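Welcome! Then let's walk through it together, beginning with a pair of helices.

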Amino acid sequence: MLWRTLTLYAPAEVQRDGLVEVREMPTARLRRYQAAINYLEQDRHWLLGAGAGKYQTTINQFFDTRAYPKPGADTDNEAAFDMHAHEKMSFGLLETVAVELGVLGLAALAWVFLAWMAAALSAFFRAAPEAHLIRALALASFGAAVGAAVFSVFGSPLVRGCGGTFAFFAGMAFFLNA
């Protein structure tokens, strides 16, 4: 199930002329990406975006229904999950920031992740070689920063229950540098 939520194409049963065949079909994730790209390429939306909190209402207008229908089935149907439905708030942070805040928002988000990683690495390398605890905490913070940045492609670390943990590790990195 997890793999299906991360893939862009997945096998699905399609009925044609009374026959059932299994074909690779675009997942809801790919359809959302396409809608986001359709929005961003029009009227220089890529620069400033639609505005904070306007992701879903904005991309709803940009689904290409000729290529594939807008996702919208019940998320409790496990067989159709992420083919015809999205799990609520399962949009990637990078995708959401791009649509809502444009390239300037993406630059600010990249700055946050890079500042977190730099603070963690700085604390790691500034600590004395015998300060094993400080070095371990700094390395853990760096790992959390990389994990949050990678996870931001597929989901939002702020929504999926790990935002507090990431905030703790980011705060720890900056505290270790104080």
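## Helices α6 and α7

What you see here is a predicted model. Start with helix α6, residues 132-154, and helix α7, residues 163-176: their axes come within 9 Å and cross at roughly 135 degrees.

Sorted by class, the contact of α6 with α7 has 12 nonpolar residues, two polar ones and no charged ones.

## Helices α5 and α6

Helix α6 also meets helix α5, which covers residues 93-126. The axes of α5 and α6 come within 9 Å and cross at roughly 165 degrees. Are α5 and α6 roughly parallel or roughly antiparallel? An angle over 145 degrees counts as roughly antiparallel, so α5 is roughly antiparallel to α6.

The crossing of α5 and α6 is left-handed. By class, their contact has 19 nonpolar, two polar and one charged residues.

Two packed helices are described by the angle between their axes and the distance between the axes.

## A closer look at T58

Now find T58, which sits in helix α4, residues 55-59. Is T58 buried or exposed? Its relative accessibility is 9%, and buried means under 20%, so T58 counts as buried.

What surrounds T58? A polar atom of the T58 side chain lies 2.5 Å from the backbone oxygen of K54. If you leave aside the neighbours within four places in sequence, T58 is in contact with Y39, A50 and V99.

## The whole protein

Finally, step back to see the protein as a whole. How many helices and strands are there? The protein has seven helices and two strands. Reading from the N terminus, the elements run α-β-β-α-α-α-α-α-α.

Of the 178 residues in the protein, 39% are buried. As for contacts with a separation of 6 or more, 61% of them are accounted for by residues 24 or more positions apart.

Notes: Residues numbered from 1 in each chain as written. Predicted model: local features only at pLDDT ≥ 70, side-chain atom pairs only at ≥ 80, totals over all residues. Heavy atoms only, no water. Axes fitted to C-alpha atoms, helices over the stretch in contact; angles between N-to-C directions. Helix = DSSP H or I, 4+ residues; strand = E, 2+ residues; numbered from the N terminus. Nonpolar A, V, L, I, M, F, W, Y, C, P; charged D, E, K, R; others polar. Buried < 20%, exposed > 50% of the residue type's maximum accessible area, 1.4 Å probe, protein only. Polar contact = N/O pair within 3.5 Å; in protein donor to acceptor, adjacent residues only side chain to side chain. Contact = heavy atoms within 4.5 Å. Parallel < 35°, antiparallel > 145°, perpendicular 65-115°, else oblique. Left-handed = near helix turned anticlockwise from the far one by under 90°.
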